[in-house]
Amino acid sequence: MELPFAESYKIKTVEKIHRSTREQREKWIKEAKYNLFNLRSDQVYIDLLTDSGTGAMSDKQWSEMMVGDESYAGASSYYKLKNAIKDITGFEYFLPTHQGRAAENVLFSAMIKEGDIVPGNSHFDTTKGHIEFRKAKAVDCTIDEAKHTELDYPFKGNVDTEKLENVLKSYPREKIPLIIVTITNNTSGGQPVSIENMKEVKKVAGKYGIPVFFDSARFAENAYFIKKREKGYGDKSIREIVKEMFSYADGMTMSSKKDAIVNMGGFIGFRHKEHFEKATMYNILFEGFINYGGMSGRDMNALAQGLYEGTEFDYLETRIKQVAYLGNKLRKHGIATQYPFGGHAVFIDAKKFLPHVPKEEYIAQTLAVEIYLEGGVRAVEIGTLLADRDPVTRENRYPELELVRLAIPRRTYTDNHMDYVAAAVINVFERRNSIKHGFKIVKEAPILRHFTVELEKV
Ligand code: F0G
């Protein structure tokens, strides 16, 4: 008999999770104003809200926590992290930050000003938020293939370099401070960007003298897909691929809460000293001295160790196969998802799932609430609520895709949990024709509204 695939680790510590009844959940979600961010964690059975900061650290990471150096300046933990970043990404200079959006805040304070244009591939919501907060504009140049959820295409995260070049041609050089390539492309479904595409982007950017930064939250998952799907990379190690990927960037922002498998942390990597020096002042102002930037010494130690563990092939294979395991169960039942599955989550196509709910009533949010009611599973809306209003017209922006994301925390849940999640989603699917209405907004913030929005049933 062929030996089956199994996890590349075993469990040392466990945490109790809480079952509930449908009646309880109906009460709780109403009290939460139908916003899943407002639920308490003990009101959730399986939490797939995010894969960010929700992973399980290893015994080695925990032991690194014990030997953190908490010196304000010159801590050994800082140098441990600096060496790990240099070793894995190749970037000579770095600034620690407390998480990914803090890295964006620091970098963009140094680089972006009012009226600027920042092209990229489906900028993540905090990235876009930080750009628009500075009265600059994020221009999405993702390939059109990403919009067709059922189209089997290996690198749906790619930048359309023709769209990119059109943007670069249309504005003066000084209006475009940088290009941001998000690897993997979270918003379009955790979809990878190919090495070939990274190379092309760098070439086009070079023609216009514009630096390229990678939003690298899930860079290791991206490297795994390159190894599996891109010609010529099958025999290369994940670390070799990662090194090559970053060789096509001038710098990176990192939310370490994803592929570095820590609960909190981030950093910015730089190739050029002048970029690093420009950002340093903002790091000190917003995050802390450049030797810790919002992290404890022990956090930097765990992060350094996590960068190595997160770039091991066996770990990545375990993780990405679990995402596909859940995705395949849904697809077998005729549920449309972004396909191929991404690295960190299964994205359900909510427009295809709930054809009767009008877009003005927040289709993806309606589905996410139904999935919670069904089984206590918390997913997240990647749709109209997340897309916010147009900063100028204040009209709702209706994205082409209304998605519900089932994000899988790293090394946290078992395949039995995935079976449970699949059953809950399938049960909703069986009664989808009875779901005709969604929600209306009763209260919202001017930017990043999805975190705090309050809703009422239509
Ligand atoms: N960039 C990407 C691609 C992200 O997915 C995130 C966070 C960030 C930047 C910001 O990093 O949270 O550390 O400040 N994504 C989380 C998610 C929140 O659920 O996808 P952060």
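A cavity is a set of grid points where a 1.4 Å probe fits but cannot get out. The views below come from a predicted model.

**View 1. The largest cavity.** The count comes to 1 cavity of 30 Å³ or more. The largest cavity has a volume of about 90 Å³. Its lining includes the run Asn35, Leu36 and Phe37, together with Leu49 and Gln365. Ala379, Val380, Glu381 and Leu385 also line the cavity, as do His450 and Val453. By class, this lining has 7 nonpolar, 3 polar and 1 charged residues.

**View 2. The residues around the ligand.**

View 3. Threonine 50 places a polar side-chain atom 2.7 Å from an oxygen atom of the ligand. In the side chain of serine 255, an N or O atom is 2.6 Å from a ligand oxygen atom. For arginine 405, an N or O atom of the side chain is 2.7 Å from an oxygen atom of the ligand. Taken alone, the ligand exposes 470 Å². The protein buries 94% of that area.

**View 4. The largest pocket.** This pocket has a volume of about 1400 Å³. Its lining is made of 38 residues. Closest to the centre of the pocket are Thr13, Gly55, Ala56, Arg411 and Thr412. By class, the lining divides into 12 nonpolar, 13 polar and 13 charged residues.

**View 5. A stacked aromatic pair.** The structure holds 19 aromatic pairs. One of them joins tyrosine 72 and phenylalanine 289, and this pair is stacked. The ring centres are 5.9 Å apart, with 20° between the planes. The pair counts as stacked because planes under 30 degrees apart are classed that way. Tyrosine 72 sits in the loop between α2 (59–66) and α3 (76–89). Phenylalanine 289 sits in the loop between α10 (273–286) and α11 (297–309). The pair links distant parts of the chain, 217 residues apart.

Key
Residues numbered from 1 in each chain as written. Predicted model: local features only at pLDDT ≥ 70, side-chain atom pairs only at ≥ 80, totals over all residues. Heavy atoms only, no water. Polar contact = N/O pair within 3.5 Å; in protein donor to acceptor, adjacent residues only side chain to side chain. Areas by Shrake-Rupley, 256 points an atom, 1.4 Å probe, with all protein chains shown as cover. 1 Å grid on protein atoms, 1.4 Å probe; cavity = no way out; pocket = protein on both sides within 12 Å on 5 of 7 lines; lining within 4 Å. Points joined across faces, edges and corners; volume = space filled by probe spheres on them. Nonpolar A, V, L, I, M, F, W, Y, C, P; charged D, E, K, R; others polar. Phe/Tyr/Trp six-rings, centres within 6.5 Å; stacked < 30°, edge-to-face > 60°. Helix = DSSP H or I, 4+ residues; strand = E, 2+ residues; numbered from the N terminus.
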